[in-house]
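Reader: I am new to this structure. Can you walk me through how to read it?
Author: Gladly. Take a look first.

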Amino acid sequence: MPSLVDWNNCCGCGACANKCPKNAIRMLPNHEGFLHPVIDSSICVECGACEKICPGFSPAKSGNNNPKAFIVQHKDDDIRFQSTSGGAFTAIAEEVIRRGGVVFGAVMTEELTVRHECVDSIAGLARFRNSKYVQSEIGDCFIEANRRLVSGQWVCFSGTPCQINGLYKYLEKDYDNLIAVDVVCKSVPTPHVFKKYVEYKKTKEGDVTDVVFRDKKRGFLYCTMAHYLSHENRLLRNDCYRRGSESDEWLRLFLSGKISRRSCTTCPFQGSDRVSDFTLGDIWETNIPGWDDNKGTTLVHVWTEKGIKFLNSLKGEVKIEEYSQGIYKGINRKCGIELFKDRKQLFIDAHNLSDQEFFAKYASYSFVVKVKQKSRFLIWKCGLHNMVRHIKHILIH
Ligand SMILES: Cc1cc2nc3c(=O)[nH]c(=O)nc-3n(C[C@H](O)[C@H](O)[C@H](O)COP(=O)(O)OP(=O)(O)OC[C@H]3O[C@@H](n4cnc5c(N)ncnc54)[C@H](O)[C@@H]3O)c2cc1C
């Protein structure tokens with residue numbers, strides 16, 4: 001009999017399903033739309049491999065808690081435009097491909113679902129660029145990465161901190177030919193509500209096939225959610241929808257933490273003991289002349305000697321500077337999210353209400369929101385947006 005392990009600490013990384021020697025585990029959505037392991041007890045031999053491998057039961061520890069921090073910008077402006085911040089991820093991934101390796105990362109499919117894929121060409125890296133604010137499905141990528149690593153091929157594996165911890169638990173050892181990259185991550189939201197958001201928007205915009213969560217057409221400091229009818233339209237910057245975090249329903253729900261995975265509220269992987277070689281995050285302002293050009297900069301934490309050596313080999317492709325005041329920026333459990341008090345009702349509503357009713361209740365496009373949206377746009381049009389952000393930054397920090 002299949003039984004769903006709907007356990008609060010499960011991060012959904014899928015290490016258990018990848019590891020099960022009997023293939024008795026499938027990752028299926030729970031009532032909130034997050035993937036959880038479903039065990040077929042008619043096949044399961046209770047060997048305990050799944051519990052041993054689960055990072056929720058016992059996270060992999062590295063002892064690497066003495067990082068160096070760097071600010072990084074890819075030298076190619078187009079790559080930087082398509083990336084969330086400075087395009088450091090692409091620079092790392094390109095070097096792995098140049099070494100004959102493969103890269104695993106999260107892509108947005110044409111059906112607008114998010115899943116991990118493996119690519120072996122520099123052109124293929126384009127679909128990894130930009131953060132997808134939806135939990136990505138790992139599938140059998142850990143099995144595939146292990147196969148490549150054992151054969152001696154270079155592998156770059158990128159993902160959220162829980163996914164990278166799950167990878168290490170799955171592999172049970174480090175490899176010299178593995179470059180593991182995680183991101184600063186507050187939480188991941190549910191694919192179920194994202195599907196609802198997509199349906200809601202499609203009724204107004206037609207057949208959208210590409211969504212960018214941090215589009216830079218208005219600059220890095222005014223990143224916006226953008227929708228495109230095709231990937232080609234995206235490359236031509238020909239959008240059919242654009243709204244900022246003050247008004248887009250998805251960004252507002254994501255940033256509020258209301259639709260995040262339950263395990264994100266107690267995440268043990270966000271802290272300063274990382275198993276990855278690199279942790280990538282946004283840096284909004286450096287105040288270093290020549291860096292704050294509003295095109296985006298990645299803050300890169302390097303946790304290992306292997307990472308430092310690898311970073312040195314990227315110098316031709318990136319602008320880079322050590323940035324010691326950035327150490328531990330974003331790498332802090334306290335930066336996480338809290339459980340929404342009406343969470344249970346929200347997910348009941350996600351099943352029972354129409355798309356329109358659901359978003360009207362939880363992220364309504366009200367008069368106040370419209371005023372905020374118009375004012376922000378106007379401030380940007382008048383060329384005052386960066387100054388306003390700068391003042392806000394000084395006040396907050
Ligand atoms: C869900 C999520 C939340 C984040 N929250 C923060 C934050 O609060 N503060 C902060 O400073 N930075 C955050 N980041 C990281 C940041 O947005 C950038 O990813 C980082 O700055 C790297 O940017 P880049 O320009 O170097 O590369 P990009 O080209 O933007 O790199 C994208 C990388 O992120 C991976 N990725 C994208 N979406 C997902 C996903 N859904 N699941 C797993 N991996 C994914 C890709 O595989 C690729 O490795 C978050 C990223 C994600 C995915």
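**Reading the open sheet**

Author: Begin with strand order. Here 3 strands make an open sheet, ordered E9-E10-E11, and the pairing is antiparallel. Keep in mind that this is a predicted model.

Reader: Which strands stand at the edges, and why is one side of each left without a neighbour?

Author: Look for strands with a single partner. Strand E9 (210-215) and strand E11 (241-243) each have a single partner strand, so one side of each has no neighbour in the sheet. The twist from one strand to the next averages 15°.

Reader: How many bridges join E9 to strand E10?

Author: Count the bridges between the two strands. There are 4 of them between E9 and strand E10 (residues 224-228), and the two strands run antiparallel.

Reader: Let us step back. What does the domain assignment of the chain give?

Author: Read the ranges with care, as a domain may be listed in two segments. The assignment gives domain 1 (7-53), domain 2 (68-189 + 260-326) and domain 3 (191-259 + 335-396).

Reader: How many residues of domain 2 are in contact with domain 3?

Author: Count each side on its own. On the domain 2 side there are 26 residues, in contact with 25 residues of domain 3. Then sort by class: the domain 2 side has 10 nonpolar, 11 polar and 5 charged residues. As for spacing, the C-alpha centres of domain 2 and domain 3 are 24 Å apart.

Reader: Now the ligand. Which residues are the closest?

Author: Ser-83, Thr-84, Gly-105, Ser-158 and Gly-281 are the closest, out of 33 residues that surround the ligand. Next, ask which elements supply the shell. At least two residues each come from helix H4 (88-98) and from strands E5 (102-108), E7 (155-159), E8 (178-183) and E12 (278-282). By class, this shell holds 13 nonpolar, 16 polar and 4 charged residues.

Reader: One single residue, please. Where is the place of Cys-44?

Author: Cys-44 is in the loop between strand E3 (35-40) and helix H2 (49-53).

Reader: Why does Cys-44 count as partly exposed?

Author: Count neighbours. A residue is buried at 20 or more C-beta neighbours within 10 Å and exposed at 12 or fewer. Cys-44 has 16 inside 10 Å, so Cys-44 counts as partly exposed.

Reader: What is Cys-44 in contact with, leaving aside neighbours within four places in sequence?

Author: Lys-22, Ala-24 and Ile-39.

Note on methods
Residues numbered from 1 in each chain as written. Predicted model: local features only at pLDDT ≥ 70, side-chain atom pairs only at ≥ 80, totals over all residues. Domains from an automatic or database assignment. Contact = placed C-beta atoms within 7 Å. Nonpolar A, V, L, I, M, F, W, Y, C, P; charged D, E, K, R; others polar. Near = placed C-beta within 6 Å. Pairing = 2+ DSSP bridges. Axes fitted to C-alpha atoms, helices over the stretch in contact; angles between N-to-C directions.
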